[in-house]
Every structure is written in structure tokens, then in C-alpha cells.
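These are my notes from an afternoon of looking things up, written so that you can follow along on your own screen. I jotted them down in the order in which I got curious.

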Amino acid sequence: MITEVAGLLTGGGDIVSVIIQFAISAIFVLFLFYGQRFQTRIMLREVESHLRRLNLIRDDGRKMAIETIKEIGKPKGNPAERVDQFLEYIAITPQSMDPSGIVWKLEHVLDVRDVRFKDEVKLMAPEADETQLNNLENTLEAAMALNMIYKVIRHFYLLGKKTNSLYVIMQIQMVLPIIMKQAEAYAHALRAFASGQPIGDGAGALVAAKLMQGYETKEIAKDVVAATVPIDGRTAYVLKAKGPGGNVGKPGDGIRKIIEEKKGNISTIIMIDAALKLEGEAPGEVAEGVGAAIGGPGVEQFKIEDAIVKHKIPVNAIIVKEDLGDAVSPMRKEVFDAVDPVIKRIKRLLLERTKKGDNVIIAGIGNTIGIGQ
Amino acid sequence: MTTKDEPARRVSSFYLAIILVIFILSLSALYIAFENIINQSDPGSSYSFLAVGFFGLALLGYMLLQTRPKPMRAIVETPRVITTLECPKCDFKNIRDFQRGDYIFKETGPCQKCDETMKITAIYREAKKKEQ
């Protein structure tokens with residue numbers, strides 16, 4: 001039988017061979033003219049299946065946000081409509097044609113957005129306390145991110161379908177695995193925020209919280225607390241975002257205020273933050289260097305750099321490595337365990353880079369959800 | 001937020017037409033093959049037709065399986081998050097699942113051993129082996 005089939009493919013004289021050869025030629029011609037269209041269809045199907053999953057994740061996130069608001073905030077009516085409006089909320093960034101002063105404009109937009117968000121959440125959850133309000137705000141922001149991801153993918157899917165263009169659909173198909181990973185990370189974040197669990201991004205805040213344990217804290221800037229802690233004969237001003245609600249605070253303002261209060265008499269600043277790791281690096285790995293270790297839209301980093309450059313204060317950075325999923329998911333053990341090695345490094349840095357009697361600033365950067373002080 | 005504009009899950013008529021053509025061709029090939037085998041005429045082509053017929057049916061089965069809506073994977077797994085409570089006086093440790101309202105450095109109830117106020121010292125999730 002094998003020889004028969006081989007005969008068919010190589011070209012026997014019978015009718016079956018003719019049919020098979022015709023079929024092969026037809027497929028060749030078909031792929032010559034419609035190959036790209038077939039490829040587009042296959043890609044569209046792949047994007048469609050991911051889009052359905054994204055829709056499920058988004059709906060699940062929305063449902064969880066509404067349930068949490070109902071449970072914690074005890075609203076009188078159904079908050080679903082307000083939540084839906086919130087998920088569509090936009091913030092327009094300032095015009096950057098003339099970049100002079102853009103940081104302050106951006107800061108203003110972000111402040112207005114923050115106030116508006118907090119007011120909205122207060123209206124949705126009238127019974128929630130300050131910590132819960134912050135957590136609910138973070139929960140809704142995660143739901144908002146999921147909504148946006150879904151809508152962007154849907155946009156490219158429908159555009160690809162409408163134009164039947166391989167290149168439109170290819171753009172989104174190529175980055176889909178990364179986008180799905182991001183969506184899953186936000187789904188984890190949403191759960192963590194809803195229940196107030198510490199997240200990986202809080203590694204820096206946790207280090208600061210551990211250092212300031214047993215010392216009096218005071219709010220020195222918006223949502224930023226600081227404590228004066230003696231470490232090996234140095235005076236350390238340890239600061240972090242005000243916990244345990246989901247908050248990143250304004251560490252730039254905090255650092256600037258301490259520098260101004262001490263009239264620039266600060267020997268060094270040590271900033272601790274979570275940073276994205278590269279594939280192959282272990283989560284919870286600690287690395288150090290120089291520069292302002294802080295993420296976000298850049299406003300706080302700008303303020304810190306602006307303050308330190310006036311007084312030529314050296315800035316040291318210690319980072320705890322983790323991937324995006326870990327940064328917004330409940331803090332994994334490896335990241336939690338990295339706190340003590342970070343404190344050891346801080347102490348070593350202080351011994352090596354400063355002398356007894358010096359003033360130093362230690363800033364724990366990151367979202368302090370689930371971390372007190 | 002409505003879901004009415006979600007892409008509908010349906011099989012295109014073009015795809016159905018291909019399935020139908022393959023089905024008819026496969027049945028014809030099988031019919032010719034069996035007829036030749038029964039009549040004992042041209043055994044070479046009868047085996048060829050048999051092979052083509054079965055191949056067509058297998059392809060058809062695969063294509064039909066592809067059109068079936070696939071069940072969605074469980075959306076997102078909820079990781080187990082652990083809270084550790086410690087007594088600052090006698091170092092007694094209590095490890096339990098995370099409860100809403102827990103936060104690191106929160107003072108909780110009295111220690112079971114010495115009645116000192118216990119403190120939450122750790123909250124973390126245990127990573128699964130495949131995550132390492």
C-alpha cells in the first residue's frame with residue numbers, strides 16, 4: 001500500500017493520481033494568492049480566543065470590585081453604574097510641545113485625578129475608613145487597567161477584521177503573550193488590593209517600616225510618614241508612604257522637606273524600591289547602585305533629583321528584583337525574605353559612605369498596602 | 001459596561017462549505033474503494049481510494065473539533081497568603097491564613113503563652129514550584 005500512495009504523489013497514470021496531483025496544484029495556487037488571508041484568519045482566531053479570556057478577566061475584576069465596595073462601603077444603592085463610569089475615567093496629560101514646567105503641570109493633573117478618585121470612592125463606599133478607601137481606590141484602578149487592556153486589544157482585533165490586514169493584526173498578535181501576562185498580573189493585583197494584602201511593590205516600604213519600628217512617626221508630606229532613627233551613630237530620617245492602606249504617597253516632597261529642614265546637611269540618601277527583573281534573574285535578588293530609585297510617572301523622581309542637585313547630596317539605590325506579576329501580586333516569600341539582606345546593605349553603606357554624627361535619609365519607596373509603620 | 005459587542009463565536013459558512021466538500025469527497029473515495037474491493041477489480045487504486053477516504057475523514061474530524069467552543073481556563077488562581085503572628089516577649093509564633101484587615105506590624109490579640117500583645121510580623125504568599 002505504501003508504494004501505491006508513493007505512486008500517487010510522484011505521479012502515476014491512474015485517475016486517483018491525477019486527482020491528487022490536481023489537489024496539490026490547487027492548494028499551491030490557493031496559497032499563492034490567498035496565503036496571507038489564511039494567515040490573517042489564523043491570527044484573528046488566536047487574538048479572538050485571547051480576547052474572550054481578557055473579557056472574562058475584566059468582567060471578573062469588575063464584579064470583584066463591585067462586591068468589595070458593597071461589602072466594605074455598605075452603599076445605599078447599587079454601585080455598579082458608578083463603577084462602570086469610573087472604569088472609563090480618563091486623565092489627559094499636559095501638552096509637551098514646550099516642555100518647560102511640564103512636571104508641575106503633570107503633578108497638578110495627577111493631584112486632581114487623585115482627589116477626584118478619592119471623592120468618587122467615598123461616594124461609592126460611604127462606610128469605608130481611610131485605609132479601606134485607599135484599598136478600594138487601588139482595586140478600582142486595577143479594574144480600570146484590565147478594562148483598558150481589553151478595549152485596546154478589541155480595538156486592534158476589530159480593526160484587523162475590518163481591514164483584513166495582516167499587518168494590523170500581526171502587531172497585536174506578536175505582543176499578546178506579554179499583554180496576557182500583564183492582564184493576569186492586574187487580576188492578581190485586584191484581588192490583593194481588595195483584601196488589603198501587601199504586594200511585591202511594597203518591598204521598599206517594608207524595609208522602611210522595619211527600620212522605623214519602635215520610633216515615633218509623623219506625617220511630613222502628603223501620605224508620607226517619617227521617623228528619626230539612630231543607626232550606628234548616624235541620624236537616619238526614615239520615610240515611607242503612610243500605611244496600611246494602598247498608597248505610594250509623595251516621597252519627593254518628603255525628601256525635599258527633610259533636606260530643607262536640615263539646610264542641605266544630609267550626607268547621603270539611600271532609596272529602596274522594587275525593580276523589574278530580567279528573565280533568568282531570581283525574584284528577591286538585591287542589587288545596589290546610584291540614582292533615585294523610584295518609578296511612576298516621573299514627577300517624584302524629578303523632585304528628588306532637583307532637591308539633591310542643589311546640595312550635591314549623593315543618592316544610593318538598593319533594589320529588590322521581581323517581575324511585573326510579582327510586583328502587583330501578594331508579596332512572595334522571596335521578596336519578603338529580601339528585607340533583612342537589604343537592611344544589612346543599608347547598614348554597610350552607612351558605615352562605608354558616612355561618618356558618625358552624619359544625617360542620612362532612608363526612603364522606602366513603593367505601595368504600602370498591607371504594611372503599617 | 002456591556003458585553004454585547006463581544007466577538008460572537010460562530011463558524012463561517014466558508015469553513016462549513018469546505019467541511020461539506022471534504023465529507024462528500026471522502027465518502028465517494030470510500031465508496032469507490034469498497035466497491036473495487038468487493039468486485040476484486042483494480043486492487044491498487046482501491047487501496048489508494050481507501051487511504052484518501054480515511055485521510056479525508058480524519059481531517060474532517062480535526063476540523064470539526066476545531067469548531068467546538070473550547071472551555072475557558074479558570075480565570076485567575078487565588079494564591080495562598082500566609083500571616084505570621086509573633087509575640088515580642090516569648091517569641092511564640094502563630095502561622096495562619098491571611099484574613100481581611102491583617103497588615104504587617106498590626107497588633108493583634110494576646111499571646112496564648114504569656115498574654116503579651118502579639119504582632120503580625122509577616123504576610124506573604126508561598127510561590128508554587130513552577131513559579132520558581
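**Entry 1: the helix pair in chain B**

I started with helix 1 of chain B and helix 2 (residues 43-67) of chain B, which pack at an angle of about 155° with their axes 8 Å apart. A word of caution before I go on: this is a predicted model. How should I class the direction of the two helices, parallel or antiparallel? Angles over 145 degrees count as roughly antiparallel, so helix 1 of chain B and helix 2 of chain B are roughly antiparallel to each other. I also noted the hand: helix 1 of chain B passes helix 2 of chain B in a left-handed crossing. Then I sorted the residues in this contact by class and found 20 nonpolar, 7 polar and no charged residues.

**Entry 2: chain B as a whole**

Next I stepped back to see what surrounds that pair. Chain B holds 2 helices and 4 strands, and along the sequence they come in the pattern α-α-β-β-β-β. How much of chain B is buried? I got 30% of its 132 residues.

**Entry 3: Asn36(B)**

Asn36(B) sits in helix 1 (residues 13-39) of chain B. Is Asn36(B) buried or exposed? Its relative accessible area is 14%, and the cut-off for buried is under 20%, so Asn36(B) counts as buried. Setting aside neighbours within four places in sequence, I found Asn36(B) in contact with Ser41(B), Asp42(B) and Ser46(B).

**Entry 4: a helix pair in chain A**

Over to chain A, for another pair. The axes of helix 4 (residues 102-124) of chain A and helix 9 (residues 299-311) of chain A come within 10 Å and cross at roughly 135°. That angle makes helix 4 of chain A oblique to helix 9 of chain A. The crossing of helix 4 of chain A past helix 9 of chain A is left-handed.

Which residues meet here? From helix 4 of chain A I listed Val103(A), Trp104(A), Leu106(A), Glu107(A) and Leu110(A), and from helix 9 of chain A their partners Val299(A), Glu300(A), Phe302(A) and Lys303(A). By class, this contact has 6 nonpolar, no polar and 3 charged residues.

**Entry 5: a covered helix and a loop serine**

Among the buried ones are Ala203(A), Gly204(A), Leu206(A), Val207(A) and Leu211(A).

I then checked Ser165(A), in the loop between helix 5 (130-163) and helix 6 (166-195) of chain A. Ser165(A) is buried too, at a relative accessible area of 19%. Leaving out residues within four places in sequence, Ser165(A) is in contact with Thr40(A) and Gly160(A).

I went through the backbone angles next. Where does a cis peptide bond turn up? One joins Gly243(A) and Pro244(A), with omega about 5°. Pro244(A) belongs to the loop between strand 3 (234-241) and helix 8 (251-261) of chain A.

I also wrote down two aspartates. Asp223(A) has a positive phi near 60° without being a glycine; I located Asp223(A) in the loop between strand 1 (217-221) and strand 2 (224-231) of chain A. Asp223(A) is buried, with a relative accessible area of 12%. Asp232(A), also not a glycine, has a positive phi of about 50°, and it lies in the loop between strand 2 and strand 3 of chain A. Asp232(A) is partly exposed, at 38% relative accessible area.

**Entry 6: Thr228(A)**

My last stop was Thr228(A), in strand 2 of chain A. Thr228(A) is partly exposed, with a relative accessible area of 44%. Not counting residues up to four places away in sequence, Thr228(A) touches Tyr215(A), Glu216(A), Thr235(A), Ala236(A) and Tyr237(A). I took one distance as well: Thr228(A) and Lys218(A) are 10 residues apart in sequence, and 9.6 Å apart from C-alpha to C-alpha.

Terms used:
Residues numbered from 1 in each chain as written. Chains lettered and ligands numbered in written order. Predicted model: local features only at pLDDT ≥ 70, side-chain atom pairs only at ≥ 80, totals over all residues. Heavy atoms only, no water. Buried < 20%, exposed > 50% of the residue type's maximum accessible area, 1.4 Å probe, protein only. Axes fitted to C-alpha atoms, helices over the stretch in contact; angles between N-to-C directions. Parallel < 35°, antiparallel > 145°, perpendicular 65-115°, else oblique. Left-handed = near helix turned anticlockwise from the far one by under 90°. Contact = heavy atoms within 4.5 Å. Nonpolar A, V, L, I, M, F, W, Y, C, P; charged D, E, K, R; others polar.
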